[in-house]
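Welcome to a short tour of one protein chain.

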Amino acid sequence: MATDELLTRALAMLGDDDVSVEAIHRLTDAGAMTEPMTIAEVADMLDISPHTLRYYERAGLVDVGRDSSGYRVYDEEAVRRLVFLTRMRLSGMPMRDLQHYVELVDAGEDTVPERLDMLVEHRDTIRRRIRELTLSLAATEYKIATYGGSTGPETTSGPARAEAP
């Protein structure tokens with residue numbers, strides 16, 4: 001499943017501006033997994049390369065089992081973790097922070113307060129970035145309108161007008 005489809009599914013599960021924890025739980029529907037997934041299947045589902053999955057494994061972010069032939073097999077827990085990891089990377093969380101977060105998770109329940117602090121700080125960073133991107137989008141839409149183009153979801157080109165950049 002490509003990222004666009006994954007994003008569409010996630011957004012369809014969300015309300016207008018309501019972020020639902022349940023939507024993220026349902027996103028992978030890992031409970032419906034009847035058997036472990038191959039590296040190709042997981043890479044396709046998350047729209048990342050198998051190389052990236054192997055890198056996450058080498059970096060200690062995810063434990064991946066092996067079948068009798070030595071091929072990687074991804075169980076429900078690994079898939080759920082990878083969904084989280086890929087969303088955090090997409091949102092700009094540095095690898096060193098992800099590695100620290102996973103170390104905390106693996107250390108147990110006593111680390112919940114520190115994990116919460118990390119996630120609250122990252123959420124604030126994401127919100128700030130969204131505001132910055134919203135302003136950038138508005139500036140881009142303004143310029144498109146200035147050039148006679150249509151603003152909104154469709155992209156069309158209109159006549160160009162001479163004016164300052």
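## Starting at R81

Let's begin with one side chain and its surroundings. Leaving aside residues up to four places away in sequence, R81 touches L61, V62, V102, V105 and D106. This arginine sits in helix α5, which spans residues 76-90. Is R81 buried or exposed? Its relative accessible area is 17%, and buried means under 20%, so R81 counts as buried.

The mean pLDDT of the chain is 83, and 72% of the residues reach 70 or more. One stretch to treat with care is residues 156-162, where the pLDDT is below 50. In the model, this stretch has twelve contacts beyond near neighbours in sequence. Where pLDDT is low, the predicted coordinates should not be read in detail.

## The overall layout

Stepping back, the chain holds seven helices and two strands. If you follow the sequence, the elements come in the order α-α-α-α-β-β-α-α-α.

The chain has 165 residues, of which 25% are buried. Its exposed surface comes to about 11,200 Å², with carbon and sulfur atoms supplying 54% of that area. Among contacts with a separation of 6 or more, 45% are between residues 24 or more positions apart.

## Where α3 meets α4

Two packed helices are described by the angle between their axes and the distance between the axes. Here, helix α3 covers residues 39-46 and helix α4 covers residues 50-58; their axes come within 9 Å and cross at roughly 105 degrees.

Which residues in α3 meet which in α4? On the α3 side you will find I39, V42 and A43, and on the α4 side P50, L53 and R54. By type, the residues of this contact comprise five nonpolar, one charged and no polar.

## M45, a buried residue in α3

Helix α3 is also the place of M45. With 8% relative accessibility, M45 falls under the 20% cut-off and therefore counts as buried. M45 and V79 are 34 residues apart in sequence, yet their C-alpha atoms are 9.6 Å apart in space.

## D47 in the loop

Between α3 and α4 runs a loop, and D47 lies in it. Most residues other than glycine have a negative phi. D47, a residue other than glycine, has a positive phi, near 55 degrees.

Methods
Residues numbered from 1 in each chain as written. Predicted model: local features only at pLDDT ≥ 70, side-chain atom pairs only at ≥ 80, totals over all residues. Heavy atoms only, no water. pLDDT = per-residue confidence, 0-100. Contact = heavy atoms within 4.5 Å. Helix = DSSP H or I, 4+ residues; strand = E, 2+ residues; numbered from the N terminus. Buried < 20%, exposed > 50% of the residue type's maximum accessible area, 1.4 Å probe, protein only. Areas by Shrake-Rupley, 256 points an atom, 1.4 Å probe, with all protein chains shown as cover. Axes fitted to C-alpha atoms, helices over the stretch in contact; angles between N-to-C directions. Nonpolar A, V, L, I, M, F, W, Y, C, P; charged D, E, K, R; others polar.
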